[in-house]
Amino acid sequence: MRPAWLEVNLDSLAHNVALLRSKAPASQLVGIVKANAYGHGAVWVGRELLRLGAWGLAVATVSEGRELRLGGVQGRVLLMGSLHPDQAREALETDLIASLSTLEGAQALDAAARALGKIAEVHLEFDTGMGRVGFPWEEAQQVKEALEQFSHLKVTGLYSHFADAEENLEFTYMQLANFRRVREVWGPGYFCHLANSAGVFNFRDDSFDAIRPGIALYGLLPNLGLKPIARLLAKPTLVKQLPPGRKIGYSGLYTTQDHEWIATLPVGYADGMPRLVYNRATVRLLQPSPEEGRLICPVVGRISMDQITVRIPGPVDLDTVFEVVTADFDPGSSLWGWAEMTGTVSYEPAVRLAARLPRVYLRGGVEVARIEP
Ligand SMILES: *Cc1c(COP(=O)(O)O)cnc(C)c1O
(Lines give C-alpha, C1' and ligand atoms only; values in the text may rest on other atoms or scores of the structure.)
Protein backbone atom coordinates (compact mmCIF):
# COMPACT_ATOMS: atom_id res chain seq x y z
CA MET A 1 0.00 0.00 0.00
CA ARG A 2 1.09 3.52 -0.68
CA PRO A 3 2.82 4.92 2.46
CA ALA A 4 0.25 7.72 2.72
CA TRP A 5 -3.31 6.83 3.59
CA LEU A 6 -6.51 8.04 5.15
CA GLU A 7 -7.64 6.17 8.23
CA VAL A 8 -11.34 6.44 8.96
CA ASN A 9 -12.55 5.57 12.44
CA LEU A 10 -16.06 4.12 12.24
CA ASP A 11 -16.43 4.26 16.03
CA SER A 12 -16.07 8.02 15.86
CA LEU A 13 -18.68 8.04 13.12
CA ALA A 14 -21.00 6.07 15.42
CA HIS A 15 -20.26 8.54 18.22
CA ASN A 16 -21.24 11.47 15.99
CA VAL A 17 -24.40 9.72 14.84
CA ALA A 18 -25.38 9.04 18.47
CA LEU A 19 -24.75 12.66 19.41
CA LEU A 20 -26.86 13.90 16.50
CA ARG A 21 -29.64 11.48 17.43
CA SER A 22 -29.60 12.72 21.02
CA LYS A 23 -30.30 16.23 19.69
CA ALA A 24 -33.26 15.05 17.61
CA PRO A 25 -34.44 11.83 19.24
CA ALA A 26 -37.73 11.60 17.39
CA SER A 27 -36.21 12.11 13.95
CA GLN A 28 -34.69 9.72 11.48
CA LEU A 29 -31.33 10.44 9.94
CA VAL A 30 -30.55 10.99 6.29
CA GLY A 31 -26.78 10.59 6.02
CA ILE A 32 -25.26 13.05 3.60
CA VAL A 33 -22.50 11.30 1.68
CA LYS A 34 -22.10 13.68 -1.27
CA ALA A 35 -18.58 14.52 -2.47
CA ASN A 36 -17.34 11.05 -1.55
CA ALA A 37 -18.72 11.41 1.99
CA TYR A 38 -16.91 14.75 2.39
CA GLY A 39 -13.72 13.01 1.30
CA HIS A 40 -14.04 10.04 3.65
CA GLY A 41 -15.18 7.46 1.10
CA ALA A 42 -18.88 7.24 0.29
CA VAL A 43 -19.30 3.49 -0.02
CA TRP A 44 -17.92 2.52 3.37
CA VAL A 45 -19.25 5.51 5.23
CA GLY A 46 -22.62 4.98 3.55
CA ARG A 47 -22.74 1.30 4.44
CA GLU A 48 -21.83 2.08 8.02
CA LEU A 49 -24.52 4.76 8.29
CA LEU A 50 -27.13 2.30 7.06
CA ARG A 51 -25.79 -0.31 9.48
CA LEU A 52 -26.24 2.28 12.24
CA GLY A 53 -29.87 2.62 11.24
CA ALA A 54 -29.94 5.66 8.98
CA TRP A 55 -33.19 6.05 7.03
CA GLY A 56 -31.12 6.50 3.91
CA LEU A 57 -28.27 8.37 2.27
CA ALA A 58 -28.14 11.49 0.15
CA VAL A 59 -25.86 12.46 -2.73
CA ALA A 60 -25.45 15.47 -4.98
CA THR A 61 -24.92 13.77 -8.35
CA VAL A 62 -26.22 10.75 -10.19
CA SER A 63 -22.71 9.34 -10.50
CA GLU A 64 -22.27 9.53 -6.73
CA GLY A 65 -25.44 7.50 -6.47
CA ARG A 66 -24.16 5.03 -9.03
CA GLU A 67 -20.92 4.61 -7.08
CA LEU A 68 -22.96 3.65 -4.02
CA ARG A 69 -24.99 1.14 -6.01
CA LEU A 70 -21.87 -0.38 -7.58
CA GLY A 71 -20.42 -0.58 -4.07
CA GLY A 72 -23.36 -2.73 -3.01
CA VAL A 73 -25.39 -0.10 -1.14
CA GLN A 74 -29.04 -1.08 -1.37
CA GLY A 75 -30.76 1.40 0.93
CA ARG A 76 -32.59 4.55 -0.01
CA VAL A 77 -30.49 7.16 -1.79
CA LEU A 78 -31.85 10.67 -2.22
CA LEU A 79 -30.47 12.70 -5.09
CA MET A 80 -30.38 16.29 -3.81
CA GLY A 81 -30.32 19.46 -5.85
CA SER A 82 -32.79 20.13 -8.64
CA LEU A 83 -33.08 17.24 -11.06
CA HIS A 84 -31.98 18.32 -14.51
CA PRO A 85 -34.28 16.88 -17.17
CA ASP A 86 -31.22 15.40 -18.93
CA GLN A 87 -30.64 13.10 -15.97
CA ALA A 88 -34.14 11.82 -15.40
CA ARG A 89 -33.54 8.43 -16.95
CA GLU A 90 -30.17 7.84 -15.30
CA ALA A 91 -31.57 8.80 -11.90
CA LEU A 92 -34.33 6.23 -12.32
CA GLU A 93 -32.01 3.53 -13.58
CA THR A 94 -29.78 4.10 -10.56
CA ASP A 95 -32.80 3.74 -8.28
CA LEU A 96 -32.36 7.18 -6.75
CA ILE A 97 -35.11 9.21 -5.15
CA ALA A 98 -34.88 12.36 -7.23
CA SER A 99 -35.48 15.83 -5.83
CA LEU A 100 -37.69 18.05 -7.91
CA SER A 101 -37.84 21.82 -7.91
CA THR A 102 -39.10 22.44 -11.42
CA LEU A 103 -41.98 21.27 -13.56
CA GLU A 104 -39.50 20.56 -16.35
CA GLY A 105 -37.76 18.08 -14.09
CA ALA A 106 -41.12 16.57 -13.12
CA GLN A 107 -42.16 16.21 -16.74
CA ALA A 108 -38.90 14.57 -17.79
CA LEU A 109 -38.95 12.16 -14.87
CA ASP A 110 -42.58 11.26 -15.47
CA ALA A 111 -41.82 10.51 -19.12
CA ALA A 112 -38.73 8.46 -18.24
CA ALA A 113 -40.70 6.49 -15.65
CA ARG A 114 -43.45 5.80 -18.14
CA ALA A 115 -40.89 4.59 -20.69
CA LEU A 116 -39.28 2.28 -18.15
CA GLY A 117 -42.60 1.06 -16.80
CA LYS A 118 -41.83 2.39 -13.33
CA ILE A 119 -43.30 4.78 -10.82
CA ALA A 120 -40.67 7.33 -9.80
CA GLU A 121 -40.52 8.15 -6.12
CA VAL A 122 -39.63 11.79 -5.60
CA HIS A 123 -39.05 14.34 -2.85
CA LEU A 124 -39.95 17.94 -3.55
CA GLU A 125 -37.65 20.66 -2.42
CA PHE A 126 -39.14 23.99 -1.41
CA ASP A 127 -37.21 27.21 -1.27
CA THR A 128 -37.95 28.76 2.13
CA GLY A 129 -35.14 31.32 2.05
CA MET A 130 -32.00 29.73 0.64
CA GLY A 131 -32.73 31.07 -2.83
CA ARG A 132 -30.90 28.30 -4.64
CA VAL A 133 -33.18 25.45 -5.63
CA GLY A 134 -36.68 24.45 -4.66
CA PHE A 135 -40.20 25.44 -5.65
CA PRO A 136 -41.16 28.75 -4.00
CA TRP A 137 -42.74 27.89 -0.64
CA GLU A 138 -45.56 30.33 -1.34
CA GLU A 139 -46.59 28.19 -4.29
CA ALA A 140 -47.02 24.95 -2.36
CA GLN A 141 -50.68 24.67 -3.35
CA GLN A 142 -50.12 25.32 -7.06
CA VAL A 143 -47.23 22.85 -7.08
CA LYS A 144 -49.46 20.25 -5.48
CA GLU A 145 -52.07 20.71 -8.17
CA ALA A 146 -49.53 20.78 -10.98
CA LEU A 147 -47.95 17.53 -9.85
CA GLU A 148 -51.24 15.68 -9.84
CA GLN A 149 -51.10 15.52 -13.65
CA PHE A 150 -48.05 13.23 -13.57
CA SER A 151 -49.27 9.68 -13.28
CA HIS A 152 -45.81 8.12 -13.02
CA LEU A 153 -44.52 10.24 -10.15
CA LYS A 154 -45.13 9.47 -6.50
CA VAL A 155 -44.28 12.31 -4.13
CA THR A 156 -43.21 10.72 -0.84
CA GLY A 157 -41.20 13.52 0.74
CA LEU A 158 -40.96 17.28 1.16
CA TYR A 159 -37.90 19.17 2.21
CA SER A 160 -36.12 22.48 2.42
CA HIS A 161 -32.64 23.70 3.31
CA PHE A 162 -31.33 26.26 5.80
CA ALA A 163 -29.26 29.17 4.54
CA ASP A 164 -27.75 30.36 7.81
CA ALA A 165 -28.51 28.08 10.72
CA GLU A 166 -24.97 28.75 11.97
CA GLU A 167 -25.52 32.44 12.60
CA ASN A 168 -28.93 33.84 11.92
CA LEU A 169 -31.58 32.69 14.35
CA GLU A 170 -34.31 34.94 13.17
CA PHE A 171 -33.91 34.04 9.52
CA THR A 172 -33.81 30.35 10.35
CA TYR A 173 -37.04 30.59 12.37
CA MET A 174 -38.62 32.26 9.38
CA GLN A 175 -37.50 29.35 7.17
CA LEU A 176 -38.93 26.90 9.70
CA ALA A 177 -42.26 28.71 9.65
CA ASN A 178 -42.31 28.75 5.85
CA PHE A 179 -41.61 25.05 5.71
CA ARG A 180 -44.34 24.29 8.25
CA ARG A 181 -46.70 26.16 5.97
CA VAL A 182 -45.70 23.92 3.05
CA ARG A 183 -46.37 20.88 5.18
CA GLU A 184 -49.80 22.20 6.17
CA VAL A 185 -50.73 22.75 2.55
CA TRP A 186 -49.64 19.27 1.53
CA GLY A 187 -51.15 17.55 4.53
CA PRO A 188 -49.94 14.44 6.36
CA GLY A 189 -48.26 11.40 4.86
CA TYR A 190 -45.11 12.97 3.49
CA PHE A 191 -41.62 12.42 4.84
CA CYS A 192 -40.50 15.93 5.81
CA HIS A 193 -36.91 16.95 6.47
CA LEU A 194 -35.11 20.20 6.95
CA ALA A 195 -32.17 20.48 9.37
CA ASN A 196 -28.54 20.33 8.25
CA SER A 197 -25.82 19.92 10.90
CA ALA A 198 -25.99 23.50 12.13
CA GLY A 199 -29.76 23.26 12.24
CA VAL A 200 -29.62 20.17 14.43
CA PHE A 201 -27.27 21.78 16.93
CA ASN A 202 -28.69 25.28 16.96
CA PHE A 203 -32.41 24.69 16.63
CA ARG A 204 -33.08 21.26 18.01
CA ASP A 205 -36.16 21.25 15.90
CA ASP A 206 -37.57 17.81 16.27
CA SER A 207 -40.88 18.34 14.61
CA PHE A 208 -39.96 16.88 11.23
CA ASP A 209 -39.40 13.29 10.22
CA ALA A 210 -35.68 13.46 9.63
CA ILE A 211 -32.51 15.47 10.00
CA ARG A 212 -30.02 15.75 7.16
CA PRO A 213 -26.54 16.19 8.65
CA GLY A 214 -23.33 16.11 6.66
CA ILE A 215 -20.36 17.84 8.24
CA ALA A 216 -21.33 16.77 11.78
CA LEU A 217 -21.17 13.09 10.79
CA TYR A 218 -17.53 13.66 9.95
CA GLY A 219 -16.99 15.45 13.25
CA LEU A 220 -15.66 18.62 11.70
CA LEU A 221 -17.47 21.24 13.80
CA PRO A 222 -15.53 22.25 16.93
CA ASN A 223 -16.80 22.59 20.50
CA LEU A 224 -19.90 20.44 20.13
CA GLY A 225 -18.59 17.11 21.37
CA LEU A 226 -18.14 15.76 17.86
CA LYS A 227 -15.10 13.68 16.91
CA PRO A 228 -13.32 14.11 13.59
CA ILE A 229 -13.36 10.65 12.06
CA ALA A 230 -10.27 10.69 9.84
CA ARG A 231 -6.53 10.90 10.13
CA LEU A 232 -4.14 11.28 7.24
CA LEU A 233 -1.07 9.19 7.94
CA ALA A 234 2.22 8.90 6.10
CA LYS A 235 5.58 7.22 6.41
CA PRO A 236 8.69 9.09 5.32
CA THR A 237 10.29 8.14 2.04
CA LEU A 238 13.57 9.87 2.90
CA VAL A 239 15.19 11.10 6.12
CA LYS A 240 18.34 13.19 6.07
CA GLN A 241 20.39 15.71 7.96
CA LEU A 242 21.23 19.02 6.35
CA PRO A 243 23.85 21.59 7.34
CA PRO A 244 22.88 25.21 8.12
CA GLY A 245 22.02 27.48 5.21
CA ARG A 246 20.37 24.92 2.91
CA LYS A 247 17.20 25.88 1.09
CA ILE A 248 14.35 23.40 0.91
CA GLY A 249 11.67 22.99 -1.75
CA TYR A 250 10.30 25.09 -4.60
CA SER A 251 11.28 28.75 -4.42
CA GLY A 252 13.56 27.98 -1.48
CA LEU A 253 11.06 29.25 1.07
CA TYR A 254 12.81 27.62 4.01
CA THR A 255 16.48 27.76 4.92
CA THR A 256 17.97 25.50 7.56
CA GLN A 257 19.30 27.44 10.57
CA ASP A 258 21.32 24.64 12.05
CA HIS A 259 22.16 21.02 11.42
CA GLU A 260 18.61 19.90 10.93
CA TRP A 261 16.92 16.56 10.37
CA ILE A 262 14.39 16.65 7.58
CA ALA A 263 11.89 13.95 6.63
CA THR A 264 10.15 13.88 3.27
CA LEU A 265 6.55 12.63 3.41
CA PRO A 266 4.78 11.41 0.26
CA VAL A 267 1.69 13.61 0.46
CA GLY A 268 1.12 16.93 -1.23
CA TYR A 269 -1.48 19.26 -2.59
CA ALA A 270 -2.65 16.63 -5.06
CA ASP A 271 -3.72 14.67 -1.98
CA GLY A 272 -5.62 17.62 -0.62
CA MET A 273 -3.14 19.43 1.59
CA PRO A 274 -3.63 23.13 0.84
CA ARG A 275 -0.58 24.58 -0.87
CA LEU A 276 -1.01 27.76 1.16
CA VAL A 277 -0.18 26.18 4.52
CA TYR A 278 3.58 25.92 3.86
CA ASN A 279 5.79 26.92 6.80
CA ARG A 280 2.67 27.01 9.00
CA ALA A 281 1.18 23.53 9.13
CA THR A 282 2.59 20.92 11.46
CA VAL A 283 2.54 17.15 11.48
CA ARG A 284 2.81 14.81 14.45
CA LEU A 285 5.37 12.13 14.81
CA LEU A 286 3.87 9.07 16.47
CA GLN A 287 6.47 7.70 18.88
CA PRO A 288 7.02 3.97 19.13
CA SER A 289 5.76 3.88 22.70
CA PRO A 290 2.69 5.81 23.89
CA GLU A 291 4.57 7.20 26.94
CA GLU A 292 6.85 9.15 24.70
CA GLY A 293 3.79 10.92 23.36
CA ARG A 294 3.56 12.79 20.14
CA LEU A 295 6.02 15.22 18.75
CA ILE A 296 4.90 18.21 16.78
CA CYS A 297 7.03 18.79 13.68
CA PRO A 298 6.79 21.86 11.44
CA VAL A 299 6.22 21.56 7.72
CA VAL A 300 9.16 23.41 6.18
CA GLY A 301 9.21 24.81 2.66
CA ARG A 302 6.56 24.67 -0.03
CA ILE A 303 3.93 21.99 -0.24
CA SER A 304 4.70 20.15 -3.50
CA MET A 305 2.12 18.32 -5.53
CA ASP A 306 3.07 14.94 -4.09
CA GLN A 307 5.44 15.60 -1.22
CA ILE A 308 6.12 17.71 1.83
CA THR A 309 9.21 18.19 3.98
CA VAL A 310 9.08 18.34 7.76
CA ARG A 311 11.70 19.17 10.38
CA ILE A 312 12.16 16.41 12.92
CA PRO A 313 14.24 16.34 16.11
CA GLY A 314 16.48 13.46 15.07
CA PRO A 315 16.75 10.49 12.75
CA VAL A 316 13.78 8.10 12.39
CA ASP A 317 13.38 5.01 10.25
CA LEU A 318 11.14 4.75 7.23
CA ASP A 319 8.51 2.80 9.15
CA THR A 320 7.79 5.75 11.41
CA VAL A 321 4.25 7.03 11.09
CA PHE A 322 3.43 10.72 10.93
CA GLU A 323 -0.03 12.16 11.39
CA VAL A 324 -0.42 14.75 8.66
CA VAL A 325 -4.05 15.27 9.64
CA THR A 326 -4.95 14.63 13.26
CA ALA A 327 -8.44 13.62 14.34
CA ASP A 328 -8.93 16.76 16.42
CA PHE A 329 -9.04 20.54 16.05
CA ASP A 330 -5.32 21.21 16.22
CA PRO A 331 -4.68 24.55 14.49
CA GLY A 332 -1.63 23.13 12.69
CA SER A 333 -2.60 19.60 11.80
CA SER A 334 -6.35 19.13 11.49
CA LEU A 335 -8.75 19.64 8.60
CA TRP A 336 -10.30 22.38 10.70
CA GLY A 337 -6.86 23.94 11.20
CA TRP A 338 -6.12 23.82 7.48
CA ALA A 339 -9.42 25.55 6.84
CA GLU A 340 -8.65 28.28 9.38
CA MET A 341 -5.21 28.82 7.85
CA THR A 342 -6.66 29.21 4.38
CA GLY A 343 -9.73 31.28 5.19
CA THR A 344 -12.35 28.66 4.46
CA VAL A 345 -14.58 26.16 6.24
CA SER A 346 -13.55 22.62 7.10
CA TYR A 347 -15.87 21.28 4.40
CA GLU A 348 -13.40 22.39 1.77
CA PRO A 349 -10.19 20.65 2.87
CA ALA A 350 -12.31 17.59 3.69
CA VAL A 351 -13.78 17.25 0.22
CA ARG A 352 -10.34 17.81 -1.29
CA LEU A 353 -8.93 14.69 0.35
CA ALA A 354 -7.92 13.00 -2.84
CA ALA A 355 -9.43 9.88 -4.32
CA ARG A 356 -5.88 8.64 -4.88
CA LEU A 357 -5.33 8.17 -1.15
CA PRO A 358 -5.92 4.64 0.06
CA ARG A 359 -8.63 4.56 2.73
CA VAL A 360 -8.51 2.22 5.69
CA TYR A 361 -11.64 1.74 7.83
CA LEU A 362 -11.38 0.76 11.49
CA ARG A 363 -14.11 -0.47 13.79
CA GLY A 364 -13.29 -1.36 17.38
CA GLY A 365 -9.64 -0.78 16.52
CA VAL A 366 -9.76 -3.50 13.87
CA GLU A 367 -9.40 -2.91 10.16
CA VAL A 368 -12.67 -3.79 8.45
CA ALA A 369 -11.94 -2.52 4.97
CA ARG A 370 -9.13 -1.20 2.88
CA ILE A 371 -9.82 0.61 -0.36
CA GLU A 372 -6.83 1.08 -2.61
CA PRO A 373 -7.42 3.19 -5.67
C1 LIG B 1 -24.89 19.37 1.92
C2 LIG B 1 -26.30 19.39 2.33
C3 LIG B 1 -26.68 19.03 3.64
C4 LIG B 1 -25.67 18.77 4.74
O5 LIG B 1 -25.16 20.01 5.21
P6 LIG B 1 -24.11 20.06 6.42
O7 LIG B 1 -23.91 21.51 6.65
O8 LIG B 1 -22.88 19.39 5.95
O9 LIG B 1 -24.73 19.35 7.56
C10 LIG B 1 -28.02 18.93 3.92
N11 LIG B 1 -28.95 19.20 2.98
C12 LIG B 1 -28.64 19.58 1.73
C13 LIG B 1 -29.72 19.89 0.75
C14 LIG B 1 -27.30 19.69 1.36
O15 LIG B 1 -27.00 20.10 0.13
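1. A residue counts as buried under 20% relative accessible area, as exposed over 50%, and as partly exposed in between. Met 305 has a relative accessible area of 43%, and is therefore partly exposed, whereas Arg 132, at 57% relative accessibility, counts as exposed. These values come from a predicted model, and should be read with that in mind.

2. For the chain as a whole, there are eleven helices and 21 strands, and the C-alpha atoms fill a box of roughly 80 × 45 × 40 Å along the principal axes.

3. The accessible surface of the chain is about 16000 Å², with 51% of it belonging to carbon and sulfur atoms. The chain carries 37 positive and 41 negative charges, and the mean positions of these two sets are 4 Å apart.

4. According to the unreviewed UniProt entry, the annotation "binding site" covers Arg 132 and Met 305. The annotated residues span 174 residues in sequence and their farthest two C-alpha atoms are 34.5 Å apart, so they do not all gather at one spot. Of these residues, Arg 132 is included in the lining of the largest pocket.

5. Arg 132 sits in the loop between strand 6 (120-127) and strand 7 (135-136), and, leaving aside neighbours within four places in sequence, Arg 132 is in contact with Asp 127 and His 161.

6. Met 305 belongs to the loop between strand 17 (294-298) and strand 18 (308-312). Not counting residues up to four places away in sequence, Met 305 touches Gly 268, Tyr 269, Ala 270, Asp 271 and Arg 356.

Conventions: Residues are numbered from 1 along each chain as its sequence is written. This is a predicted model: local features need pLDDT of at least 70, side-chain atom pairs count only at pLDDT 80 or more; totals for chains, interfaces and linings use all residues. Side-chain values use heavy atoms; hydrogens and water are left out. Helices (H or I, at least four residues) and strands (E, at least two) are DSSP runs, numbered from the N terminus. Accessible areas come from the Shrake-Rupley method with a 1.4 Å probe; for residues, only the protein chains shown count as cover. Lys and Arg count as positive and Asp and Glu as negative; His and the chain ends are not counted. The place of a charge is taken as NZ of Lys, CZ of Arg, CG of Asp or CD of Glu. UniProt positions are given in the numbering used here, feature names are shortened, and annotations may be inferred rather than shown by experiment. On a 1 Å grid over the protein atoms alone, a cavity is a set of points where a 1.4 Å probe fits but cannot get out, and a pocket is an open set with protein on both sides within 12 Å along at least five of seven lines; lining residues have an atom within 4 Å of a point. Buried means under 20% relative accessible area, exposed over 50%, partly exposed in between (1.4 Å probe, protein chains only). Contact means heavy atoms within 4.5 Å.
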